[in-house]
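Please view the sequence and the model together with the notes below.

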Amino acid sequence: MPPRPPLRRSLQAGFLGLLVLVPLLAWGLAWRGVEEPGRAPLPALPRDLAQLRAWPRAAEAALNDRFGLRTPLLHLRDQALFGLFGAFASPLIRSGPDGRLFLAGGETAALIRFTCGRGLSPGTLPELAAGVGALLRDLEARAPRAGLLLVPGAPVLYPAELPRALRRDCAAGEAFGHQLLARVSPEWRGRILFPQAALAAPDLVGPAIPHRFLHWDGVGAGRAVTAWAEEALGLPPRREMPVAWHWRPSDLTMLFPGLRLGSLVLEPRPEMPGMEACLGHPCFPEIAEIARVLVDVRRYRATAPEAGRLLVLSDSFGAAAAPWLARHYGEVWQFTLNHLDQLTPGQRRRLAQALLEEYRPDQVLVLMLDASLVLTLPRLQRLLE
């Protein structure tokens with residue numbers, strides 16, 4: 001039972017007092033202590049205009065180095081906020097009534113409206129639909145076939161689990177993904193899959209996106225890949241996918257390190273019969289330095305020669321999908337392009353050459369979260385320049 005209002009106010013006051021008084025005492029002791037090597041020096045009082053301008057930054061650095069018990073107190077803050085009030089220190093994270101976590105603060109609240117198809121400017125849909133069609137056309141000029149798997153995000157899949165203040169934005173209306181499909185040229189519409197119904201189906205063995213996660217796990221990735229490969233393209237699986245359930249820390253943990261929040265997730269086992277898996281830049285020696293910048297790259301290759309090469313160009317949702325795609329192809333290359341902008345124009349051209357001309361995929365799959373289309377689409381367009 002939640003604390004009664006007077007008790008809740010007392011807990012809040014005590015908690016805030018703890019966060020203020022303890023670090024002040026520790027800081028006061030540290031301030032009077034002996035200087036430690038590597039610690040920012042205490043700034044002298046400014047004597048001229050130049051010193052006055054530099055003083056605030058120097059004082060801030062000194063205070064940061066002398067904030068006593070900083071890490072334990074941050075962890076205590078995270079635990080107390082969540083345990084007492086169900087809240088998070090980061091304004092970006094909100095919890096729904098059933099405990100599902102959402103990126104729902106600041107500008108991310110606007111992203112929820114966007115994915116749910118609300119508040120779109122008049123030119124947004126036509127511009128993105130034209131961009132998607134142009135991207136698929138450009139890819140097919142360099143590969144036999146291209147397609148797009150647009151991943152429905154948690155606000156679209158679980159609108160009833162949103163925080164009450166945001167639920168109205170997704171309770172009615174049509175999701176952005178469906179509106180986009182309606183605007184794409186008929187020539188390319190059949191190459192695009194937005195599997196909202198499949199990922200929200202009640203017969204799944206678990207939620208497509210675990211309650212405490214931003215990304216999907218094997219439940220969501222496996223179901224979406226099945227819908228794309230087997231139902232849309234008619235590709236039968238060539239091998240079994242051994243899987244196991246594990247408890248994993250939330251992929252949002254970096255925003256609240258004091259909490260041990262996570263979910264049970266379904267993951268492929270490391271060994272897939274008949275398939276070799278390789279993760280990281282050493283898998284691609286010809287473009288190792290480029291792959292090192294991109295960080296999240298992987299390759300799956302059948303141990304016996306098999307036809308069928310797939311190239312997956314994705315945002316961070318591609319990593320969990322890659323092993324499921326390896327059931328249907330003799331070789332899969334998956335490249336997450338979130339850091340593509342860190343490459344020089346020459347490196348981008350070299351990457352495109354390696355992926356499309358040297359690897360020569362039979363199929364290119366663009367895979368991204370619905371909310372990230374506005375960021376990932378321009379990156380892909382720059383890759384093909």
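The model is predicted, so local features need pLDDT of at least 70 and side-chain atom pairs count only at pLDDT 80 or more, while totals for chains, interfaces and linings use all residues. Residues are numbered from 1 along each chain as its sequence is written, and side-chain values use heavy atoms, without hydrogens and water.

**Cavity**
- The whole structure holds one cavity of 30 Å³ or more (a set of points on a 1 Å grid over the protein atoms alone where a 1.4 Å probe fits but cannot get out).
- The volume of the largest cavity is about 30 Å³, taken as the space filled by probe spheres set on points joined across faces, edges and corners.
- Its lining (residues with an atom within 4 Å of a point) consists of Val132, Leu135, Leu136, Leu148, Val366, Met368, Leu373 and Leu377.
- Helix H5 (124–140), strand S11 (363–369) and helix H15 (373–383) each give two or more residues to this lining (helices are DSSP runs of H or I with at least four residues, strands runs of E with at least two, numbered from the N terminus).

**Helix residue**
- Threonine 115 belongs to helix H4 (residues 107–115) and is buried, at 3% relative accessible area (under 20%, with a 1.4 Å probe and protein chains only).

**Loop residues**
- Valine 295, between helix H12 (288–294) and strand S8 (297–302), has a positive phi near 70°.
- Arginine 360, in the loop between helix H14 (345–358) and S11, has a positive phi of about 55°.
- Most residues other than glycine have a negative phi.

Definitions and conventions: On a 1 Å grid over the protein atoms alone, a cavity is a set of points where a 1.4 Å probe fits but cannot get out, and a pocket is an open set with protein on both sides within 12 Å along at least five of seven lines; lining residues have an atom within 4 Å of a point. Buried means under 20% relative accessible area, exposed over 50%, partly exposed in between (1.4 Å probe, protein chains only).
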